[in-house]
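Subject: Structure handover

Hello,

Here is the structure for your files. My notes on the ligand and the pockets follow below.

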Amino acid sequence: MSLKGKVAVVTGAGGLIGKEIVRRFAAEGARVAAVDLVVSRQLAALVRELETGGANVIAEALDITKSADAAAVFRDIESRLGAVDILVNNAGIVRKQSRAFHLEKEECWKRLIEVNLFGSMICTRCVLGGMIARKSGKIINIASIAGVSGLPGWADYAASKGGLILFSRTLAMETGNSGITVNCISPGMISAERTPSEGTWLGRTGTPADIAGMALFLASPEADYITGCNYLVDGGRTIGPKNATWNI
Ligand SMILES: NC(=O)c1ccc[n+]([C@@H]2O[C@H](COP(=O)([O-])OP(=O)(O)OC[C@H]3O[C@@H](n4cnc5c(N)ncnc54)[C@H](O)[C@@H]3O)[C@@H](O)[C@H]2O)c1
(Lines give C-alpha, C1' and ligand atoms only; values in the text may rest on other atoms or scores of the structure.)
Protein backbone atom coordinates (compact mmCIF):
# COMPACT_ATOMS: atom_id res chain seq x y z
CA MET A 1 0.00 0.00 0.00
CA SER A 2 1.72 3.11 -1.24
CA LEU A 3 0.24 5.54 1.32
CA LYS A 4 0.66 3.34 4.40
CA GLY A 5 1.28 5.49 7.49
CA LYS A 6 0.43 8.74 5.70
CA VAL A 7 -2.22 11.23 6.76
CA ALA A 8 -4.26 12.81 3.97
CA VAL A 9 -6.89 15.53 3.93
CA VAL A 10 -9.34 15.63 1.03
CA THR A 11 -11.67 18.63 0.70
CA GLY A 12 -14.95 18.42 -1.17
CA ALA A 13 -14.89 14.81 0.01
CA GLY A 14 -18.64 14.31 -0.31
CA GLY A 15 -18.67 15.15 -4.02
CA LEU A 16 -18.34 13.06 -7.15
CA ILE A 17 -14.54 13.14 -7.40
CA GLY A 18 -13.77 13.68 -3.70
CA LYS A 19 -15.46 10.46 -2.60
CA GLU A 20 -13.38 8.42 -5.02
CA ILE A 21 -10.14 10.07 -3.88
CA VAL A 22 -11.03 9.27 -0.24
CA ARG A 23 -11.79 5.64 -1.20
CA ARG A 24 -8.57 5.25 -3.16
CA PHE A 25 -6.34 6.83 -0.51
CA ALA A 26 -7.93 4.74 2.25
CA ALA A 27 -7.44 1.59 0.17
CA GLU A 28 -3.76 2.48 -0.12
CA GLY A 29 -3.40 2.63 3.65
CA ALA A 30 -3.65 6.38 4.35
CA ARG A 31 -5.47 7.76 7.36
CA VAL A 32 -7.91 10.13 5.68
CA ALA A 33 -9.82 13.22 6.82
CA ALA A 34 -12.80 13.68 4.53
CA VAL A 35 -13.73 17.37 4.66
CA ASP A 36 -16.85 18.97 3.20
CA LEU A 37 -19.26 21.83 3.87
CA VAL A 38 -21.47 19.43 5.78
CA VAL A 39 -21.08 15.78 6.70
CA SER A 40 -23.91 14.51 4.52
CA ARG A 41 -25.60 11.16 5.10
CA GLN A 42 -23.77 9.88 2.01
CA LEU A 43 -20.39 11.01 3.30
CA ALA A 44 -21.06 9.55 6.75
CA ALA A 45 -22.05 6.26 5.07
CA LEU A 46 -18.81 6.22 3.07
CA VAL A 47 -16.77 6.76 6.24
CA ARG A 48 -18.62 3.92 8.01
CA GLU A 49 -18.14 1.61 5.02
CA LEU A 50 -14.40 2.30 4.88
CA GLU A 51 -14.05 1.94 8.66
CA THR A 52 -15.80 -1.42 8.47
CA GLY A 53 -13.21 -2.43 5.91
CA GLY A 54 -10.47 -1.55 8.41
CA ALA A 55 -9.54 1.94 7.19
CA ASN A 56 -8.96 4.94 9.45
CA VAL A 57 -11.19 7.67 7.99
CA ILE A 58 -12.86 10.62 9.70
CA ALA A 59 -15.32 13.21 8.38
CA GLU A 60 -15.15 16.90 9.25
CA ALA A 61 -17.51 19.75 8.32
CA LEU A 62 -15.82 22.92 7.09
CA ASP A 63 -16.52 25.83 4.80
CA ILE A 64 -13.01 26.19 3.39
CA THR A 65 -13.47 29.93 2.87
CA LYS A 66 -13.58 30.52 6.64
CA SER A 67 -10.00 30.95 7.86
CA ALA A 68 -10.60 30.61 11.59
CA ASP A 69 -12.83 27.54 11.16
CA ALA A 70 -10.25 25.98 8.84
CA ALA A 71 -7.46 26.47 11.38
CA ALA A 72 -9.59 24.82 14.08
CA VAL A 73 -10.60 21.89 11.85
CA PHE A 74 -7.04 21.21 10.71
CA ARG A 75 -5.88 21.29 14.35
CA ASP A 76 -8.59 18.77 15.18
CA ILE A 77 -7.58 16.55 12.26
CA GLU A 78 -3.94 16.59 13.37
CA SER A 79 -4.92 15.71 16.93
CA ARG A 80 -7.05 12.77 15.73
CA LEU A 81 -4.94 11.42 12.85
CA GLY A 82 -1.47 12.98 13.16
CA ALA A 83 0.46 15.53 11.09
CA VAL A 84 -0.88 16.02 7.58
CA ASP A 85 1.37 14.57 4.86
CA ILE A 86 -0.98 15.04 1.89
CA LEU A 87 -3.54 17.73 1.13
CA VAL A 88 -5.92 17.43 -1.80
CA ASN A 89 -7.70 20.72 -2.45
CA ASN A 90 -10.62 19.27 -4.36
CA ALA A 91 -13.60 21.33 -3.10
CA GLY A 92 -14.94 23.56 -5.82
CA ILE A 93 -18.09 25.09 -7.22
CA VAL A 94 -19.25 25.81 -10.75
CA ARG A 95 -22.32 27.50 -12.21
CA LYS A 96 -24.69 24.94 -13.76
CA GLN A 97 -25.49 27.18 -16.72
CA SER A 98 -23.20 29.21 -18.93
CA ARG A 99 -23.59 32.97 -18.78
CA ALA A 100 -21.85 35.85 -20.55
CA PHE A 101 -19.46 37.38 -18.05
CA HIS A 102 -20.96 40.86 -18.15
CA LEU A 103 -24.38 39.43 -17.24
CA GLU A 104 -23.17 37.49 -14.21
CA LYS A 105 -23.82 38.95 -10.77
CA GLU A 106 -20.70 40.14 -8.97
CA GLU A 107 -21.55 38.16 -5.82
CA CYS A 108 -21.66 34.96 -7.90
CA TRP A 109 -18.18 35.30 -9.36
CA LYS A 110 -16.80 36.55 -6.05
CA ARG A 111 -18.08 33.42 -4.29
CA LEU A 112 -16.75 31.20 -7.06
CA ILE A 113 -13.26 32.64 -6.77
CA GLU A 114 -13.54 32.65 -2.99
CA VAL A 115 -14.22 28.89 -2.87
CA ASN A 116 -12.11 27.63 -5.78
CA LEU A 117 -9.03 29.78 -5.22
CA PHE A 118 -9.14 31.45 -1.82
CA GLY A 119 -10.49 28.35 -0.04
CA SER A 120 -7.71 26.19 -1.47
CA MET A 121 -5.17 28.82 -0.37
CA ILE A 122 -6.59 28.84 3.16
CA CYS A 123 -6.39 25.03 3.49
CA THR A 124 -2.88 25.08 2.04
CA ARG A 125 -1.77 27.62 4.64
CA CYS A 126 -3.18 25.39 7.39
CA VAL A 127 -0.78 22.55 6.50
CA LEU A 128 2.21 24.38 5.06
CA GLY A 129 3.95 25.44 8.30
CA GLY A 130 4.02 21.86 9.55
CA MET A 131 5.13 20.46 6.20
CA ILE A 132 8.00 22.98 6.02
CA ALA A 133 9.07 22.11 9.58
CA ARG A 134 9.03 18.38 8.73
CA LYS A 135 10.59 19.01 5.31
CA SER A 136 8.05 16.87 3.51
CA GLY A 137 4.54 17.07 2.14
CA LYS A 138 2.44 16.77 -0.95
CA ILE A 139 -0.17 19.28 -2.04
CA ILE A 140 -2.48 18.37 -4.91
CA ASN A 141 -4.87 20.97 -6.27
CA ILE A 142 -7.81 20.00 -8.44
CA ALA A 143 -8.06 22.67 -11.10
CA SER A 144 -9.74 22.26 -14.52
CA ILE A 145 -8.94 22.35 -18.21
CA ALA A 146 -11.05 25.54 -18.14
CA GLY A 147 -8.16 27.09 -16.22
CA VAL A 148 -5.81 26.27 -19.10
CA SER A 149 -7.90 26.79 -22.25
CA GLY A 150 -10.64 29.09 -20.98
CA LEU A 151 -14.33 28.26 -21.22
CA PRO A 152 -16.79 30.70 -22.77
CA GLY A 153 -19.76 31.22 -20.47
CA TRP A 154 -17.70 30.34 -17.41
CA ALA A 155 -15.09 33.14 -17.35
CA ASP A 156 -15.18 33.43 -13.55
CA TYR A 157 -14.69 29.67 -13.12
CA ALA A 158 -11.84 29.64 -15.66
CA ALA A 159 -10.20 32.56 -13.83
CA SER A 160 -10.48 30.78 -10.47
CA LYS A 161 -8.89 27.61 -11.84
CA GLY A 162 -6.22 29.46 -13.83
CA GLY A 163 -5.36 31.25 -10.60
CA LEU A 164 -5.14 27.94 -8.77
CA ILE A 165 -2.71 26.58 -11.37
CA LEU A 166 -0.39 29.59 -11.06
CA PHE A 167 -0.71 29.54 -7.27
CA SER A 168 0.44 25.90 -7.35
CA ARG A 169 3.40 26.56 -9.65
CA THR A 170 4.58 29.44 -7.51
CA LEU A 171 4.15 27.48 -4.30
CA ALA A 172 6.19 24.66 -5.85
CA MET A 173 9.02 27.17 -6.32
CA GLU A 174 8.69 28.51 -2.78
CA THR A 175 8.60 25.11 -1.08
CA GLY A 176 10.82 22.91 -3.25
CA ASN A 177 13.81 23.14 -0.97
CA SER A 178 11.58 22.19 1.96
CA GLY A 179 10.93 18.82 0.32
CA ILE A 180 7.34 19.66 -0.54
CA THR A 181 5.74 18.99 -3.91
CA VAL A 182 2.81 20.99 -5.25
CA ASN A 183 0.96 19.82 -8.33
CA CYS A 184 -2.35 20.30 -10.08
CA ILE A 185 -4.74 17.96 -11.79
CA SER A 186 -6.95 19.53 -14.43
CA PRO A 187 -9.89 17.27 -15.18
CA GLY A 188 -11.89 17.48 -18.37
CA MET A 189 -15.49 16.25 -18.45
CA ILE A 190 -16.02 13.86 -15.55
CA SER A 191 -19.19 11.89 -14.98
CA ALA A 192 -20.11 9.08 -12.59
CA GLU A 193 -19.94 6.46 -15.36
CA ARG A 194 -18.01 6.29 -18.63
CA THR A 195 -20.27 8.01 -21.14
CA PRO A 196 -19.66 8.24 -24.90
CA SER A 197 -18.45 11.76 -25.81
CA GLU A 198 -17.57 13.26 -29.17
CA GLY A 199 -15.70 16.00 -27.33
CA THR A 200 -12.67 13.89 -26.41
CA TRP A 201 -10.18 11.99 -28.55
CA LEU A 202 -10.75 8.91 -26.38
CA GLY A 203 -14.46 9.10 -27.21
CA ARG A 204 -15.74 9.09 -23.65
CA THR A 205 -16.07 11.20 -20.54
CA GLY A 206 -13.72 10.65 -17.64
CA THR A 207 -14.72 9.04 -14.36
CA PRO A 208 -13.87 9.91 -10.76
CA ALA A 209 -11.51 6.91 -10.82
CA ASP A 210 -9.48 8.56 -13.61
CA ILE A 211 -8.88 11.56 -11.36
CA ALA A 212 -8.36 9.55 -8.16
CA GLY A 213 -5.72 7.45 -9.94
CA MET A 214 -3.73 10.55 -10.83
CA ALA A 215 -4.17 11.97 -7.31
CA LEU A 216 -2.87 8.70 -5.86
CA PHE A 217 0.15 8.79 -8.17
CA LEU A 218 0.98 12.39 -7.18
CA ALA A 219 0.54 11.55 -3.49
CA SER A 220 2.76 8.46 -3.69
CA PRO A 221 6.57 8.19 -3.45
CA GLU A 222 6.59 7.46 -7.22
CA ALA A 223 5.99 11.18 -7.77
CA ASP A 224 8.66 12.45 -5.36
CA TYR A 225 10.56 14.23 -8.16
CA ILE A 226 7.49 15.88 -9.70
CA THR A 227 6.50 19.39 -8.68
CA GLY A 228 4.93 22.46 -10.25
CA CYS A 229 3.14 20.34 -12.85
CA ASN A 230 -0.44 20.48 -14.05
CA TYR A 231 -1.72 17.14 -15.34
CA LEU A 232 -4.55 17.42 -17.84
CA VAL A 233 -6.74 14.34 -17.34
CA ASP A 234 -9.21 15.03 -20.11
CA GLY A 235 -9.25 12.18 -22.65
CA GLY A 236 -7.26 14.42 -24.97
CA ARG A 237 -9.93 17.10 -25.14
CA THR A 238 -7.36 19.89 -25.16
CA ILE A 239 -4.68 18.38 -27.44
CA GLY A 240 -6.09 19.74 -30.67
CA PRO A 241 -9.15 20.25 -32.83
CA LYS A 242 -11.35 17.18 -32.87
CA ASN A 243 -12.99 17.66 -36.23
CA ALA A 244 -9.97 18.37 -38.45
CA THR A 245 -9.79 16.19 -41.59
CA TRP A 246 -6.86 13.81 -41.72
CA ASN A 247 -5.75 10.70 -43.54
CA ILE A 248 -3.72 7.73 -42.43
N1 LIG B 1 -16.82 17.04 -12.58
C2 LIG B 1 -16.14 17.61 -13.56
O3 LIG B 1 -16.45 17.41 -14.76
C4 LIG B 1 -14.98 18.51 -13.26
C5 LIG B 1 -14.22 19.02 -14.33
C6 LIG B 1 -13.15 19.84 -14.07
C7 LIG B 1 -12.83 20.16 -12.75
N8 LIG B 1 -13.57 19.68 -11.73
C9 LIG B 1 -13.19 20.07 -10.36
O10 LIG B 1 -13.09 18.91 -9.55
C11 LIG B 1 -13.45 19.24 -8.21
C12 LIG B 1 -14.52 18.27 -7.73
O13 LIG B 1 -15.62 18.35 -8.61
P14 LIG B 1 -16.89 17.40 -8.51
O15 LIG B 1 -17.37 17.19 -9.89
O16 LIG B 1 -16.62 16.24 -7.65
O17 LIG B 1 -17.92 18.40 -7.81
P18 LIG B 1 -19.04 18.10 -6.73
O19 LIG B 1 -19.96 19.28 -6.78
O20 LIG B 1 -19.60 16.74 -6.90
O21 LIG B 1 -18.21 18.13 -5.38
C22 LIG B 1 -17.65 19.31 -4.87
C23 LIG B 1 -17.72 19.25 -3.37
O24 LIG B 1 -17.14 20.46 -2.84
C25 LIG B 1 -17.91 20.83 -1.72
N26 LIG B 1 -17.80 22.26 -1.45
C27 LIG B 1 -18.31 23.28 -2.17
N28 LIG B 1 -18.05 24.45 -1.57
C29 LIG B 1 -17.35 24.16 -0.44
C30 LIG B 1 -16.83 24.94 0.60
N31 LIG B 1 -16.96 26.28 0.63
N32 LIG B 1 -16.17 24.32 1.61
C33 LIG B 1 -16.06 22.97 1.61
N34 LIG B 1 -16.54 22.17 0.65
C35 LIG B 1 -17.18 22.76 -0.37
C36 LIG B 1 -19.34 20.46 -2.09
O37 LIG B 1 -20.16 20.36 -0.94
C38 LIG B 1 -19.15 19.16 -2.83
O39 LIG B 1 -19.29 18.02 -2.00
C40 LIG B 1 -13.92 20.69 -8.22
O41 LIG B 1 -12.87 21.53 -7.80
C42 LIG B 1 -14.24 20.94 -9.69
O43 LIG B 1 -14.12 22.29 -10.06
C44 LIG B 1 -14.65 18.86 -11.94
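A pocket, on a 1 Å grid over the protein atoms alone, is an open set of points where a 1.4 Å probe fits, with protein on both sides within 12 Å along at least five of seven lines; lining residues have an atom within 4 Å of a point. The model is predicted: local features need pLDDT of at least 70, side-chain atom pairs count only at pLDDT 80 or more, and totals for chains, interfaces and linings use all residues. Residues are numbered from 1 along each chain as its sequence is written, and side-chain values use heavy atoms, with hydrogens and water left out.

Second largest pocket: K6, D85, I86, S136, G137, K138, G179, T181, A219, S220, P221 and D224 line it. It holds about 180 Å³ of space (the volume filled by probe spheres set on the grid points, which are joined across faces, edges and corners).

Largest pocket: about 1100 Å³ of space. Its lining counts 40 residues; I17, G92, I93, V94 and Y157 lie nearest its centre.

The ligand sits in the largest pocket (more than half of its atoms lie within 2 Å of the grid points). Around the ligand are 25 residues, with I17, D36, N90, Y157 and K161 the closest (a heavy atom within 4 Å).

Polar contacts next (pairs of N or O atoms within 3.5 Å). D36 places a polar side-chain atom 2.6 Å from a ligand oxygen. For D63, a polar side-chain atom is 2.9 Å from a ligand nitrogen. G188 uses a backbone N or O atom, 3.5 Å from a ligand oxygen.

Best wishes

Terms used
A polar contact is a pair of N or O atoms within 3.5 Å; within protein, one must be able to donate a hydrogen and the other to accept it, and residues adjacent in sequence count only if both atoms are side-chain atoms.
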